[in-house]
Amino acid sequence: MDVKKEEVERITCKSLAPASSNPTGSHDQDEVVREFEMYLNNHHDMAIAVAAIKALTSVVKRSKATTIMGLEIELKAAADKLKACNRSSISLAAGCELFNRYVTRTSLDIPKFDECVEKIVERGEHFANKSISSRSTIAELVDRFINDGMTILIHGYSRVVINSLLHCAKQGKYFSVICTEGR
């Protein structure tokens, strides 16, 4: 089951705009798309929203902005570039919006620009790492709700659900799964 490869093909931007069309002038926005695609291609179990947050965190690291407003403009342009890759991806849009709100909130908490940028990068990396580790934590917590002989009804595809079911099966539990939709 190579669902991740199909997701990457749907997300990948087939035609990137030339670097000269960069609205901010201080950062090549196509770089954020390449980095996003690299995360998805190299980490097959990474969620799309997490890859977006990692790519946007990298934008902050490379930013030449000297003000919060300048940083927010760069991040909005980078997020728009990512969202343009696949306008129908809810998790991609949510990851970008979440990160942009995070930046705005951090700028209110920490008035010094350099310290704020450091904190944004630190929090972005922490969020991405926490998201990755949460999948296994959820699987361990779900284990107590699934018993031998159960029939489980699921709808669609979720890495968290798949990981949880696989964890329970590895624990020696036997159950049936009915999927109402598969992609």
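A nonpolar core is a set of buried Ala, Val, Leu, Ile, Met, Phe, Trp, Tyr and Cys residues joined through side-chain atoms within 4.5 Å. Here, buried means a relative accessible area under 20%, exposed means over 50%, and partly exposed lies in between (1.4 Å probe, protein chains only). The model described below is predicted, so local features need pLDDT of at least 70 and side-chain atom pairs count only at pLDDT 80 or more, while totals for chains, interfaces and linings use all residues. Residues are numbered from 1 along each chain as its sequence is written, and side-chain values use heavy atoms, with hydrogens and water left out.

The overall layout comes first. The chain contains 7 helices and 2 strands, where helices (H or I, at least four residues) and strands (E, at least two) are DSSP runs numbered from the N terminus. Along the sequence these elements follow the pattern α-α-α-α-α-α-β-α-β. Of the 183 residues in the chain, 40% are buried. Contact means heavy atoms within 4.5 Å; among contacts between residues at least 6 apart in sequence, 66% join residues at least 24 apart.

What does the inside look like? In general, nonpolar side chains tend to be buried together in soluble globular proteins. The largest nonpolar core in this model has 34 residues, and Phe36, Leu56 and Leu82 have the most contacts inside it. Two or more residues each are given to this core by helix H2 (30-42), helix H3 (48-62), helix H4 (68-85), helix H5 (90-109) and helix H6 (113-142). H3 provides the largest share, 9 residues. A second, separate core of 5 residues includes Ile146, Ile152, Leu165 and Cys168.

The packing of helix pairs can be followed next. Axes are lines fitted to C-alpha atoms, for helices over the stretch in contact, and angles run from 0 to 180 degrees between N-to-C directions. H3 and H4 pack at about 145°, with their axes 10 Å apart.

The axes of H5 and H6 come within 10 Å and cross at roughly 140°. H5 is therefore oblique to H6, as angles under 35 degrees count as roughly parallel, over 145 as roughly antiparallel, 65 to 115 as roughly perpendicular and the rest as oblique. This crossing of H5 past H6 is right-handed. On the H5 side, the contact includes Leu98, Phe99 and Tyr102, and on the H6 side it includes Cys116, Ile120 and Phe127.

Finally, the cysteines deserve a look. A search of the whole structure finds 0 disulfides, a disulfide being a pair of cysteine sulfur atoms within 2.5 Å. For cysteine 96, the nearest cysteine sulfur is that of cysteine 85, 9.2 Å away. Cysteine 96 is buried, with a relative accessible area of 0%, and cysteine 168 is also buried at 0%. Arginine 34, by contrast, sits in helix H2 and is partly exposed, with a relative accessible area of 36%.

How values were computed:
A crossing is left-handed if the near helix is turned anticlockwise from the far one by less than a right angle, and right-handed if clockwise.
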